[in-house]
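Here are a few exercises to work through with the model open beside you. Try each task before you read its solution.

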Amino acid sequence: MIKNYLKIAWRNIINNKIYSAINILGLAAGMAVALLIALWVNNEYSYDRSLPDYQQLYQVRRNFNSNGETLTFSSTSLKLADALRTSIPEIEYVAESDGGSSHGLMVGDKKLYLGGIESGTNFLQMFKFPMVQGIASAALQDPYSIVLTQATAKALFGTENVVNKVVRIDNAYNLKVTGVLKDLPSNSSFQFVKYVIPVSFLELTQAWTKGAHNSFGFNAFSIYVKLKPGISYTQIAPKIKNIEKGEDNTNAKNSDVIMQPMQDWHLFSDYKNGIASGGFIEYVRIFSIIGILVLLIACINFINLTTARSEKRAREVGIRKAIGSQRKHLIFQFLTESLLVTFISFLCSVLFVQLALGPFNALTGTMIRIPFGSITFWLIMMVCVLITALIAGSRPAFYLSSFNPVKVLKGTMHVGKSATLSRKVLVVMQFSCSIALIISTVVIYRQIQYAKNRPTGFSINRLLTTNSNSDLGKNYIALRDELLQSGTVENITSASSPATDIGMHNDIDQWPGKMAGETVEMGVISIADNYFKTLGMAVVSGRDFNGTPSDTSNVIFNETAIKRLRLKNPISQIITYGGRPTKIVGVVKDALMLSPFAKADPTMFVYGNYTQDNIIYRLSPNVNAHNAIDKITGVFTKYSPAYPFTYRFVDDDYNKKFNQEVLIGKLSGIFAGLAIFISCLGLFGLAAYIAEQRTKEIGVRKVLGATVGQLWFLLSRDFVLLVVMSCVIASPVAFYFLQNWLQKYDYRVSIGPGVFITSALLAIVITLVTISFQAIKAAIANPVKSLRSE
């Protein structure tokens, strides 16, 4: 019986090639979108979950009470790490870290500048990254040791067998290789790590870490914790919350210590009122819904085309019922047809996804693959195919099997208004989803452009940053003078943070008008001569640093910081920072150094020496950038021969701040386009069927004098009305969700009526283009042929 059903299903597919192709292509496209999104969602959820015992791993964070507003920071102190290690017996391991930094690595004539992490001795025991060589418990015991990844070992030594070999770091210290890690996966929060160095090395070699164990206020580190087996966070949360409160320190007194589980690091990065409330998880959920909607749109195509062609199958149903077929047998037959079409569509969708994965991975920065070797994957796919077949085939199966055989065989059965109405409702649902996606894409694009066109407060054009090192720090004056004399560089400076970031935040101890218990934490950037001139930041009152030793006791604020401190006449006012009095000598215009979608961060600029982390310079306006880079490379190499010369254009760094929004915008556009394509496939099939059904009516109208334009309008009108109804439904729904999405941005675009009008016109034009082929084809047909039988 089943074999017979499959034969009949296959014959129906072969005998109706065009409609079968539309059904299969539409379902395949919908299933491909759903599968691609499912693979991406699974990849995002799998972040940091490949490690053993990941459920017991946490990062320590601080909830800082800033005058009633709770701010969450991941920066913590070494003193807090010591307290957790000694005071909380439920904790198995504690590993402090610098959070990640870059260093120059050299072996012979091979020089690399790579990112890594300096962490506590238990780091490798906690995270259990697979080790090719070495022992995790011993690898970081010696301060002058280093653990490399496979790729780094091969790049430096040409082999992975490198234990006990020596790597020179920053052209200053020799480190012994004590282990080799497998390269970390792309779905790891530590994917940037190319080597691991003991944090004790940092403490021994960097003067700024002196006293880091003495104060809870020295928040310049990250802390990772592993709980003992069977211990949950809720058990220790009350113990760690007030662990800093005993110190007479404004920052410590106003900080509650919390921890975030490792599986939430990637998806729940946004905190609101001290609670992880969102982050990338919002986009994962949105695209999960989009995948389901696109698949539903494809199923609606199948339902509409199958029920629309019901009269073609009516005589078959009548004969089968007349010779004894029961309704349940007919239902099973139609469901078998649906299952066969769905299965063929699934095979096509797998092919589509395989072809799309390369461009998709390049777009999203992932390494997603179809797990062909996974039995679990295929079982899940078969279940999904079955569910899709039931969703797509249930209504046609029950509808077709309900036909009265007497009416069918007498030729008196006609499709009722209920069937036509249900098709119209489904078409409206299809286009409502598609139009909502179009509106979303337009709004996301406008939000990105709105932020990109926002004044940055400094000039990013032809501005470059190079990471400094000990050699460049020692030779900074000579380097600066030679670059300026070469004519390739217009201005040059150095700073503790790059132009598009603020690397450190700290408290202001005292300021005029401070209220009892009030706290202010703001960004702090240490800068050298010509910083504001090089970046193009305007001094709006007071003066710039003049480069004299007395400037080490002076400070410059941005406008937002002055407002935050409520200083009406700030110049020459005295504040206390770092335990010593400091005079305000200037105020600069706000610059967007953090998020281009948020307000400018309150920032304090202090005068420092030339041994900063970043050298920032602007190319002269009349030099060719490529030729200038060649000359600059020679100068940097001259003063820092042990390091490879690297540079970044500041405008590239700034544009990277839009990466997430640009990605979401592109994905929304792609999926909106596919949703429209699938909807239009169904519309094309319906238009062809309706034109076929109304062939005689069109012939009569032409004989009576109807023009091609009138007939085109007659056939197109109903479809356009359905799309207009979809626009009316989609617009308020899209407005509601997009308005909520925009609330996360301080600097956001407003949603005006133009967005909805543009999207509606686009949908109507696409609809007309889709159905016009069939409408015009029917309108220009020879009426003699259609009326010959009459």
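## Exercise 1: the β8 and β9 hairpin

In the hairpin that β8 and β9 form, with three residues between the strands, D170 has a positive phi near 55°. This is a predicted model, where local features need pLDDT of at least 70, side-chain atom pairs count only at pLDDT 80 or more, and totals for chains, interfaces and linings use all residues. Residues are numbered from 1 along each chain as its sequence is written, and side-chain values use heavy atoms, with hydrogens and water left out.

**Task.** Work out which side chains of β8 (residues 166-169) are buried and which strands β8 pairs with.

**Solution.** 
1. Strands here are DSSP runs (E, at least two residues), helices are H or I runs of at least four, and both are numbered from the N terminus.
2. Buried means under 20% relative accessible area, exposed over 50%, and partly exposed in between (1.4 Å probe, protein chains only).
3. Now the partners; strands pair if DSSP finds at least two bridges between them. β8 runs antiparallel to β9 (residues 173-181), with four bridges, and R168 sits opposite N174 there.
4. β4 (residues 101-107) is also antiparallel to β8, joined by two bridges. L105 has I169 as its bridge partner.

## Exercise 2: a covered strand

**Task.** How many residues of β3 (residues 91-97) are buried, and how does β3 pair with β11?

**Solution.** 
1. Six of the seven residues in β3 are buried, so the strand is mostly covered.
2. Six bridges link β3 to β11 (residues 222-227) in the antiparallel sense; S97 has S222 as its partner.

## Exercise 3: a pocket and a cavity

**Task.** Describe the linings of the second largest pocket and the largest cavity.

**Solution.** 
1. Terms first. On a 1 Å grid over the protein atoms alone, a cavity is a set of points where a 1.4 Å probe fits but cannot get out; a pocket is an open set with protein on both sides within 12 Å along at least five of seven lines; lining residues have an atom within 4 Å of a point.
2. The second largest pocket holds about 870 Å³. Of its 32 lining residues, L35, A38, L39, F377 and M381 are the closest to its centre.
3. α2 gives the most to this pocket's lining, nine residues. The lining divides into 22 nonpolar, nine polar and one charged.
4. The largest cavity has a volume of about 80 Å³. Among its lining residues are Y113, T466, F636 and P644, and β15 (463-467) and α19 (625-639) each give two or more.
5. By class, that cavity's lining has six nonpolar, six polar and no charged residues. Nonpolar covers Ala, Val, Leu, Ile, Met, Phe, Trp, Tyr, Cys and Pro, charged covers Asp, Glu, Lys and Arg, and the others, Gly among them, are polar.

Terms used: Points joined across faces, edges and corners; volume = space filled by probe spheres on them.
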